[in-house]
Amino acid sequence: MAAPVTVKDLRADQVSRLEQTVTTLSAKLNGLRDEQAAAEAEEKSTGIDLAALQAAASTLQQKLAAATMGADRHKIELDLDDNLLAQRPLAIRHAAAQEAAATKDLEVKRVTAANEKAKGDTARAAAELVQAKQDAAAANEWRIALTTKVVETVTKAGSPAVTVLTAAMTERLTTLLGGATLFHLVEARVADGLNTIEERQQAVMRAAAAVNATAAARSKVDGAVAQTGDDYNRARSAVAAAQDAPADFAAALLVLQKVVAWPAPTTAVQARIDKRGKAATHSRAAANEHAVRDALVSARSARGALAAITGPKKALNPAYNPATDDSVNAEREAAAAAEATLGEATAALTPSLVKILDKWEVAVPPDMMTLAVQALQAADTVKRLATLTDPHKLANDLTTAEAAYAEALDTQLTTQLHQDAAAEDLRARRDEAAAIPDGGDLRVPALPRPSESP
């Protein structure tokens, strides 16, 4: 099986082709300038010769008008016939030279413009090739890390020792924060924050999908490039993030270990935390905020699911109204239900309950609360790494995504190449038509015979 085409290979081929185009056009331009000079010289030479014959004909006409003797008139008429016979082929040559000079002038301008465009395209393609080479080099390093250090990290993250450490962190924070309910509340806050970050990333992807939909509506070829390009970038991002696993895991372990070793606060501080923690628990203030945090996550998910479908439709049709689109009834109803749940949960978190939570929160030393948030983020990192998709699959997915993007890009570049060639031929035909002045070959006394046509 042939190796899949890479973006680097495609860009290299593109640069090579464009460089050859520049070389060909530059050589053609030099030849055209020589031909233009020759055509202009022919136009000037035939013009001088024709003007001389026409001047001589004018003189003969004057002599004929003045002659009174039959023999003299006959001689002048013969000379005038000879002059007109000499003018005919010269007039044809001069007309052809005029058209050739005009044609070459337009062709030189056209090829000069094409050559400058090719040079600009070559410079851009060369820059894209540099980037493709850098991307390829980075991807190769990522692939090596994926199949070695990342695999080892995934195994470590799911090991019994790490499970025990995470449990010890949970137990320690539960004590420090004033009970399991408060620990789970902070956990819900962290989950809400992480979900907010993820949702913004998802929003970027949805916006990209809307752009891709418009690109596909304009052209299937452009749409394929846009979609496969996004897929390729996401695959690169996934691999790039995964290869950071060893460093992320090491940092997370340090935080978890720090929590387990965190010294107990003074008896008075801990008693204050516990007392206010019980108030937050018994009043259901903590539970109610927890419900709000869960509802926020659910509402974002439901809104995102609806937007993922309606976004591209709206991009294609600004008048689109999702409220009247029966095809998204399920998603619209799910979003509405999630918003209703969020509204109910928010209403249940009354100002008096918020005040109880505030009192508990200010009782917790700021550095302890900061450590708790960091620890829960670290626990999330460990959990994510322990369940990381097979690193080998990530590497294969990147290869597959790159091949699909390269294939779509190759189709787009080839199509553009054909379109450019057709457009260049159209410009050439227009120039040929424009080079013939009004009347064209009718500038000579009669239409040239086929053998005389330029």
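Reply: Gladly! Let's begin with a crossing: α5 passes α12 in a left-handed crossing. Please keep in mind that this is a predicted model.

Me: What makes the crossing of α5 and α12 left-handed?

Reply: A crossing is left-handed if the near helix is turned anticlockwise from the far one by less than a right angle. The crossing of α5 and α12 is of that left-handed kind.

Me: And why are α5 and α12 called roughly antiparallel?

Reply: Helix α5, residues 220-242, and helix α12, residues 391-435, pack at an angle of about 155 degrees. Angles over 145 degrees count as roughly antiparallel, and α5 and α12 are therefore roughly antiparallel to each other. Their axes are 8 Å apart. Sorted by class, their contact holds 15 nonpolar, five polar and five charged residues.

Me: How do you know that α8 and α9 are roughly antiparallel?

Reply: The reasoning uses the cut-off of 145 degrees again. Helix α9 covers residues 329-348, and α8 packs with α9 at an angle of about 160 degrees, with the axes 8 Å apart. This is why α8 and α9 come out as roughly antiparallel. The crossing of α8 and α9 is left-handed. Among the residues in contact are Ala 291, Ala 295 and Leu 306 of α8 and Ala 338, Leu 342 and Ala 345 of α9. By class, this contact of α8 with α9 has 15 nonpolar, four polar and four charged residues.

Me: Why are α4 and α10 called roughly perpendicular?

Reply: Here the angle between α4 and α10 (residues 351-363) is about 95 degrees, and their axes are 13 Å apart. The range for roughly perpendicular is 65 to 115 degrees, so α4 and α10 are roughly perpendicular to each other. On the α4 side, the contact is made by Leu 182, Leu 185, Val 186 and Arg 189, and on the α10 side by Leu 357, Trp 360 and Glu 361.

Me: What makes a residue count as lining the second largest pocket?

Reply: Lining residues have an atom within 4 Å of a point of the pocket. For the second largest pocket there are 26 of them, and Arg 17, Leu 18, Lys 117, Asp 121 and Asp 420 lie nearest its centre. The elements giving two or more residues are α1, α2 and α12, with the largest share, ten residues, from α2. The volume is about 740 Å³. The lining has eleven nonpolar, four polar and eleven charged residues.

Me: Last one: what makes Arg 284 stand out?

Reply: Most residues other than glycine have a negative phi. Arg 284 is not a glycine, although its phi is positive, about 70 degrees. You can find Arg 284 in the loop between α7 and α8.

Notes: Residues numbered from 1 in each chain as written. Predicted model: local features only at pLDDT ≥ 70, side-chain atom pairs only at ≥ 80, totals over all residues. Heavy atoms only, no water. Axes fitted to C-alpha atoms, helices over the stretch in contact; angles between N-to-C directions. Helix = DSSP H or I, 4+ residues; strand = E, 2+ residues; numbered from the N terminus. Parallel < 35°, antiparallel > 145°, perpendicular 65-115°, else oblique. Nonpolar A, V, L, I, M, F, W, Y, C, P; charged D, E, K, R; others polar. 1 Å grid on protein atoms, 1.4 Å probe; cavity = no way out; pocket = protein on both sides within 12 Å on 5 of 7 lines; lining within 4 Å. Points joined across faces, edges and corners; volume = space filled by probe spheres on them. Contact = heavy atoms within 4.5 Å.
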